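User: I would like to go through this model step by step, with the cut-offs spelled out along the way.

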Amino acid sequence: MTIGSSMSSGYCSLDEDLEDCFFTAKTSFFRSAQSKVPAKNVTQTVEEEKPEPPTVQEIKQRIEKYNAKVTNCLLMKLNEDGTYTGFIKVHLKLRRPVTVPAGIRPQSIYDALKEVNLADMTDKRTSFYLPLDAIKQLHISSTTTVSEVIQGLLKKFMVVDNPQKFALFKEMRKDGQVLFQKLPLTEYPLYLRLLAGPDTDVLSFVLKENETGEVEWDAFSIPELQNFLMILDKEEKDKIQQVHRKYERFKQRLQQTLKEARGKPG
């Protein structure tokens, strides 16, 4: 599996709106739904029945129909053995920091071809936030599973976290709502792409945290937990400062209004 495009790295604070509410480090790190009533453009989890796999002839027809709608060079190709290859795009929407080797340069094309694992070159680790909504293009096979897609993305960016901490979702839009469905690890993303067609508004793939309810702290190493605490402590202090500045401006406006009111008759 090859991965195209590039990504800048760095610390990205979480984009909560402080005009309406304030989140502590804990609530900003482990978000929970604030309302059980679905609203417009609110994400929901949906379940769908898995369609029956098509025959080789049906696959050939679907690929021809798919390629006819492609507006770029990202075509699907049918192999003699009945398998096929093509491209998918994955949106990275990770809200929590990831763990990477400290002081190691990004993986080059040479390293990828030689299957060099740069993460094995040092035991030092650091944590940071990946940029939100980054998009990665993958060239995969019809036999590539969701599990392999997740592992390939993590290896590309030298993320050493346990792959079980992440999940691949398919994102769909229906009746003004954004619907998400978590994909099983044995699912084949390229097959879903073929069924949906090349339009990403109909179907797109998203890499998110694997929300399983209670946090499984045993899955984290000691350095990971320590890095999380430092990042969350900084985030909480930043949030508190923003709230203080907000109410200080509000206080100044109230004082100015009272001052102007005292100078008026009646």
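Analyst: Contact here means heavy atoms within 4.5 Å. The model is predicted, with local features needing pLDDT of at least 70 and side-chain atom pairs 80 or more, while totals for chains, interfaces and linings use all residues. Residues are numbered from 1 along each chain as its sequence is written, and side-chain values use heavy atoms, leaving out hydrogens and water.

User: Among contacts between residues at least 6 apart in sequence, what share joins residues at least 24 apart?

Analyst: The count concerns the protein chain and takes in contacts between residues at least 6 apart in sequence. Of these, the share joining residues at least 24 apart is 76%.

User: Is helix H5 largely enclosed or largely open, and why?

Analyst: Helices (H or I, at least four residues) and strands (E, at least two) are DSSP runs numbered from the N terminus, and buried means under 20% relative accessible area, exposed over 50%, and partly exposed in between, with a 1.4 Å probe and protein chains only. The buried residues of H5 pack against elements including helix H2 (56-69), helix H4 (146-156) and strand E8 (166-174). Because six of the eight residues of H5 (189-196) are buried, the helix is largely enclosed by the rest of the structure.

User: Does Tyr247 count as buried, partly exposed or exposed?

Analyst: Tyr247 is placed in helix H6 (residues 222-262). Since its relative accessibility is 48%, Tyr247 counts as partly exposed.
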